[in-house]
Amino acid sequence: MNNLPLAYNVMFVGMVVVFLVLILLIAAISLLPRIFNKNKSEIKVKDDPDYIISTERSVNNEYSASDTELIAVLTAAIQACYRSDIQTRIRVKSFRRIPETSPIWNTTGRSEYISEKL
Amino acid sequence: MINAFFSTIADLVKASGFVRGTWQEFLMIGIACFLIYLAIAKNYEPLLLLPISFGVLLANLPFAYLSSYDEGNLINYLYQGVKLGIYPPLIFLGIGAMTDFGPLIAYPKSLLLGAAAQLGIFTTFIGAILLNYTPLEAGAIGIIGGADGPTAIFVTNKLAPHLLGPIAIAAYSYMALVPIIQPPIMKLLTTKKEREVVMEQLRPVSKREKIIFPIFVTILVSFILPDAAPLIGMLMLGNLFRESGVVERISKTAQNELINIITIFLGLSVGATAKATTFLDERTLGIIVLGLLAFSFGTAGGVLFGKLMYITSGGKVNPLIGSAGVSAVPMAARVSQKVGQQANPGNFLLMHAMGPNVAGVIGSAIAAGVLISILK
């Protein structure tokens with residue numbers, strides 16, 4: 001019991017120091033993208049009253065079979081995203097493949113969830 | 001001839017562990033077998049629990065002298081890595097090589113959740129003082145709340161090495177039990193509406209940011225808290241191996257062979273410190289209870305701070321990710337994901353919870369540095 005003032009002191013100092021150091025880290029990490037990231041967002045989504053989604057498409061204009069499936073998936077995803085009903089007109093005019101940027105935990109979590117549902 | 005035969009057999013029986021073993025040793029062997037069962041049948045963190053529990057078994061075999069304190073046996077030699085503080089930083093090297101700090105860099109505010117979850121360490125410190133443990137012992141017990149095995153061993157070794165066995169076993173056992181301990185606390189402290197919050201997609205993090213991050217963190221944290229440098233330094237070195245992309249062989253070794261070998265050595269020698277004569281007393285029971293409180297308070301601290309962020313962000317932060325701030329990578333993040341999906345099956349919190357989860361590793365290393373620098 002004699003050590004109780006010490007205990008409160010350790011708790012107060014400890015929590016303050018932990019928060020202080022991590023707040024300093026937050027400030028520093030927040031500066032990182034401003035210093036190092038000059039690239040703008042690669043995906044630009046434009047919506048008009050008809051909900052026509054337009055992005056750049058790669059050179060080939062003809063849709064392969066897999067592209068058609070992909071467009072169906074994209075259309076469904078956009079519809080789900082906008083929470084629109086089935087009557088709403090959505091047309092995916094073009095798309096562009098970008099490199100995989102999702103961290104491993106993200107993709108693992110998604111694939112585990114999907115495989116659980118299958 | 002026959003009499004001599006039976007006499008020899010009788011002597012052998014009298015000398016056997018069945019007769020000479022104490023009830024305390026039999027109890028410890030029973031506990032070890034139960035832990036082995038949990039590791040194999042229930043899959044509770046088997047990578048740690050299996051070597052630890054077998055170490056407990058070996059240490060309590062009557063007259064086998066296989067505990068970490070019995071000089072001259074293999075386990076005693078392996079224990080030197082614990083005693084000299086070699087294994088915990090090496091484990092951190094491997095953890096760093098396996099960790100993606102991307103979610104943390106993408107959403108730096110999650111560091112605050114990693115800080116709030118350290119509440120368990122300091123509240124347990126007070127609890128241990130109230131139970132008449134010395135300040136050094138209380139510091140070692142409190143660090144169980146960091147939910148970080150290597151950190152717990154590192155701090156205990158510096159502050160109260162005589163408590164290494166019970167503290168290490170409590171820390172690793174509770175880490176294995178995170179999926180059982182955390183969900184009731186998380187549900188108790190949050191509403192269904194809060195648990196259903198879908199968080200925004202994290203921004204992509206550039207390679208350059210990921211390379212700068214470990215160097216920067218090492219310098220900043222070590223300048224402020226030199227006592228945290230062995231853990232943070234090795235954690236960030238491992239991460240730099242991974243992110244630099246120029247030492248793939250070393251990175252793979254750190255995250256596979258090295259960490260596996262050290263885990264065997266560490267688990268076995270820590271388990272073998274739990275000898276019946278030193279382990280079975282009321283102080284160990286106190287440590288087990290306080291360890292559970294430490295985990296619970298840490299989880300509550302993270303979730304409550306998550307609620308605060310939910311309010312201040314206008315409902316954009318799901319408070320469940322706060323519980324991942326207790327470290328225990330990646331189990332705590334998986335628990336956030338699981339509880340979140342129970343409320344909203346279409347919700348993916350895993351990536352968002354990984355931010356506070358790895359922040360918890362940094363936070364507990366900092367808290368360890370604070371305890372060592374104040375108490376030692």
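Colleague: How many salt bridges are counted between chain B and chain A?

Modeller: The count between these two chains is 0, a salt bridge being a side-chain nitrogen of Lys or Arg within 4 Å of a carboxyl oxygen of Asp or Glu. Please keep in mind that this is a predicted model, in which local features need pLDDT of at least 70 and side-chain atom pairs count only at pLDDT 80 or more, while totals for chains, interfaces and linings use all residues. Side-chain values use heavy atoms, leaving out hydrogens and water, residues are numbered from 1 along each chain as its sequence is written, and chains are lettered from A and ligands numbered from 1 in the order in which they are written.

Colleague: What makes the pair of B:Asp100 and B:Lys210 a salt bridge?

Modeller: The closest N and O atoms of B:Asp100 and B:Lys210 are 3.3 Å apart, and that value lies within the cut-off, so the pair qualifies. B:Asp100 sits in the loop between helix 6 (87–98) and helix 7 (102–106) of chain B, whereas B:Lys210 belongs to helix 15 (residues 207–224) of chain B, so the pair ties together parts that are 110 residues apart in sequence. Helices here are DSSP runs (H or I, at least four residues), numbered from the N terminus. Over all chains, the search finds 7 salt bridges.

Colleague: Why are helix 4 of chain B and helix 17 of chain B called oblique to each other?

Modeller: Helix 4 (residues 46–59) and helix 17 (residues 248–271) of chain B pack at an angle of about 40 degrees, with axes 6 Å apart. Angles under 35 degrees count as roughly parallel, over 145 as roughly antiparallel, 65 to 115 as roughly perpendicular and the rest as oblique, and the two helices are therefore oblique. Their contact includes B:Leu47 and B:Pro51 of helix 4 and B:Ile264 and B:Gly267 of helix 17.

Colleague: What makes B:Phe63 stand out in its phi?

Modeller: Its phi is near 60 degrees, a positive value in a residue other than glycine.

Note on methods
Axes are lines fitted to C-alpha atoms, for helices over the stretch in contact, and angles run from 0 to 180 degrees between N-to-C directions. Contact means heavy atoms within 4.5 Å.
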